[in-house]
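User: Let's go through this one together, a question at a time. Can you show me the structure before we start?

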Amino acid sequence: MSRFTLPRDLYYGKGSLEILKTLKGKKAIVVVGGGSMKRFGFLDKTVSYLKEAGMEVKLFENVEPDPSVETVMRGAEAMRDFGPDWIVSIGGGSPIDAAKAMWAFYEYPETTFEQLITPFSFPELRQKARFVAIPSTSGTATEVTAFSVITDYKKGIKYPLADYNITPDIAVLDPEIAETMPPKLTAHTGMDALTHAVEAYVSTLNSPFTDPLALKAIDMVFKYLPDSYNGDKGAREQMHYGQCLAGMAFTNALLGIVHSMAHKTGAAFSTGHIPHGCANAIYLPYVIKYNAKNAEARYADIARFVGLEGASDAELVKKLCGRIDEYNQKLGIPKTLKEFGINETEFKEKVSKIAELAFSDACTGSNPRAVMPADMEKLLNCVYYGTEVNF
Ligand code: FE
């Protein structure tokens, strides 16, 4: 038996934030990040709409990027003190992910991260509160997914939480909020969305329910990302919806080794963080070439769906990779990790350990072609030097 889960309600379109006025409840806590939502006035709007709904409102502010266990625990405590029946999270992926974890610890104070990291093992939520997610970036799609990533900085571990209990009840896709993204973030998050949809489409868990969402999302990213990157508001709006469709696909079909590699390389090098979407964008064409041995027909479906032509599936896969290269170039994304600026000596020192970690990442299991740590290491070498994937 398989399961397909999405939020109960999705509100979209300019001004859809106003839906908050109609929520029924007594108390709402608003979980938000470092300041852009406040600066652009969306935090004030959120609070005033909730008050208009007759609710008492409390803020939990300053959730940091890559939220920590401590932030989650502080938020859960604030929730236990206040007793909200709505948790409203607004901002990038981080405050929404943090709020999802806070929600679990609010309802189950005795639980631990160790208990929660076993996939799909959460206790039954919604005993105390329901959850609204309002994204300001167009990529992670955390507003519709069953996932959250929390970092334990003391132990140096990321806890990937996965359970349909933390799929939000309501997602609000108000394109005016996504207009706040700067161009580089638009590029990276957009390519993250493309990767979500491509990986979901070829995942071993793909289904008739996820396929149309993934294909439409891929088509929308190719149609709208360049103009969205260049500041076109209409394109930005379509990207906000397209990334959400990608999220609906991958929360149900899961992902693959592009994400395994991005997760484990993101914070691995002393030269600085590789933004998640940028890492995915670099790795995607290489992984397509690796996976094509098992999933050529599926990638060819994608190529045909976005209007590419070719005499064979192999030619279509090549064209799809070419299209991704072309977009990366348009968006200022490098072709290799070397070009990104990762030091060669450090890369060589760390590559086999990273390969092992990527092999054991939660996203590896649904990749369409089996992969061993040694294959992962070869792939990482290809993405570093830009060499052909021919194994
Ligand atoms: Fe992602």
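Here is a predicted model, taken up in questions and answers.

User: Which residues coordinate the iron ion?

Analyst: The donor residues follow the spacing D-x3-H-x62-H-x16-H in sequence. The ion is held at 2.2 Å through OD of the aspartate and NE2 of the histidines. That gives Asp192, His196, His259 and His276.

User: What geometry does the site of the iron ion have?

Analyst: There are 4 donor atoms, with angles of 82 to 166 degrees among them. Four donors count as tetrahedral if all angles lie between 85 and 135 degrees, and square planar has its own limits for opposite donors and the others. The call for this site is irregular.

User: How many residues apart in sequence are the parts that histidine 259 and histidine 276 tie together?

Analyst: Histidine 259 belongs to helix α10 (residues 257–265), and histidine 276 to helix α11 (residues 276–305). Their burial is worth a look too: histidine 259 is buried at 2% relative accessibility, while histidine 276 is partly exposed at 30%. The pair therefore ties together parts whose separation in sequence is 17 residues.

User: Glutamate 107 is buried yet has no salt bridge, so what is the nearest side chain of opposite charge, and how far away is it?

Analyst: Glutamate 107 sits in helix α4 (residues 93–107). Beyond its neighbours within four places in sequence, its contacts include Glu124, Arg126 and Lys128. A salt bridge needs the nitrogen within 4 Å of the carboxyl oxygen, and the nearest side chain of opposite charge is lysine 128, at 6.8 Å.

User: Is tyrosine 106 buried or exposed?

Analyst: Tyrosine 106 lies in helix α4 as well. Leaving aside neighbours within four places in sequence, it touches residues including Met79, Arg80, Ile87 and Lys128. The cut-off for buried is under 20%, and tyrosine 106 has a relative accessible area of 4%, so the answer is buried.

User: What kind of aromatic pair do phenylalanine 347 and tyrosine 385 make?

Analyst: The whole structure has 13 aromatic pairs. In this one, the ring centres are 6.4 Å apart and the planes stand at 90 degrees, so phenylalanine 347 and tyrosine 385 are edge-to-face. The pair links helix α14 (residues 344–359) with helix α15 (residues 373–385), 38 residues apart. Phenylalanine 347 is buried at 1% and tyrosine 385 partly exposed at 33%, and the kind of pair is edge-to-face.

User: Which residues form one aromatic cluster?

Analyst: Phenylalanine 347 and tyrosine 385 are both members.

User: Which residue meets arginine 298 in a salt bridge?

Analyst: The search of the whole structure finds 19 salt bridges. In this one the N to O distance is 2.7 Å, and it links helix α11 with helix α8 (residues 211–229), 87 residues apart. The partner is buried, at 15% relative accessibility: aspartate 211.

Notes. Residues are numbered from 1 along each chain as its sequence is written. This is a predicted model: local features need pLDDT of at least 70, side-chain atom pairs count only at pLDDT 80 or more; totals for chains, interfaces and linings use all residues. Side-chain values use heavy atoms; hydrogens and water are left out. Donors are N, O and S atoms within 2.8 Å of the metal (3.2 Å for Na, K and Ca); water is not among the atoms, so sites may look incomplete. Four donors count as tetrahedral if all angles lie between 85 and 135 degrees; four count as square planar and six as octahedral if opposite donors are over 155 degrees apart and all others between 65 and 115; anything else is irregular. Helices (H or I, at least four residues) and strands (E, at least two) are DSSP runs, numbered from the N terminus. Buried means under 20% relative accessible area, exposed over 50%, partly exposed in between (1.4 Å probe, protein chains only). Lys and Arg count as positive and Asp and Glu as negative; His and the chain ends are not counted. Contact means heavy atoms within 4.5 Å. Rings of Phe, Tyr and Trp (its six-membered ring) pair if their centres lie within 6.5 Å; planes under 30 degrees apart count as stacked, over 60 as edge-to-face and the rest as tilted.
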